Amino acid sequence: MKIFYDGEVIVLDDISDEKAKDIMVFSTNNYAAFIWMKASLHRFLEKRKNRAPYQTTYPATTINKTIDKSMAWLSLTP
C-alpha cells in the first residue's frame, strides 16, 4: 500500500487487506470532517463580517492621570 501525503510517499508492505481498508475509511472520514469544519468556519465568518471590528461588550474607560517627574520613566512618549 502506498500513501501520498504532504509531498511524501509512505510505502507499507506488510499490511492486511482489512487494515488497508480501515486506513482508507479513516482517511476519507477525516478529509470529510476537514471540509465540514472549513465550511462551518466560512459560514461563521460570513455571518459576522458586517459587525463592527472594535465593538466590545464593555465600554472602554480612559484614565486621565498626569505623570509627575518621578514617574516619567513609565511614559511611552519622550
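Q: What kind of model is it, and how are residues numbered?
A: It is a predicted model, in which local features need pLDDT of at least 70, side-chain atom pairs count only at pLDDT 80 or more, and totals for chains, interfaces and linings use all residues. Residues are numbered from 1 along each chain as its sequence is written, and side-chain values use heavy atoms, with hydrogens and water left out.

Q: How many helices and strands are in the protein chain?
A: One helix and two strands, in the order β-β-α along the sequence. These are DSSP runs numbered from the N terminus: H or I of at least four residues for helices, E of at least two for strands.

Q: What share of the residues is buried?
A: 1% of the 78 residues. Buried means under 20% relative accessible area, exposed over 50%, and partly exposed in between, with a 1.4 Å probe and protein chains only.

Q: Is A20 buried or exposed?
A: A20 is buried, because its relative accessible area is 18%. A20 lies in helix α1.

Q: Which residues does A20 touch?
A: Leaving out residues up to four places away in sequence, A20 touches M1 and I15. Contact means heavy atoms within 4.5 Å. M1 is 19 residues from A20 along the chain, and their C-alpha atoms are separated by 7.3 Å.

Q: Switching to the strands, where is K2?
A: K2 is in strand β1, residues 2-5. K2 counts as exposed because its relative accessible area is 60%.

Q: What is K2 in contact with?
A: I10 and V11, setting aside neighbours within four places in sequence. K2 and D13 are 8.5 Å apart C-alpha to C-alpha, at 11 residues apart in sequence.

Q: Which residues make the nonpolar surface patch?
A: Y31, F34, I35, W36 and M37 make a patch of about 610 Å². Patch residues have over 30% relative accessible area and no salt bridge; nonpolar side chains (Val, Leu, Ile, Met, Phe, Trp, Tyr) are joined within 5 Å, like charges within 9 Å. A salt bridge is a side-chain nitrogen of Lys or Arg within 4 Å of a carboxyl oxygen of Asp or Glu. M37 sits in helix α1.

Terms used:
Areas by Shrake-Rupley, 256 points an atom, 1.4 Å probe, with all protein chains shown as cover.
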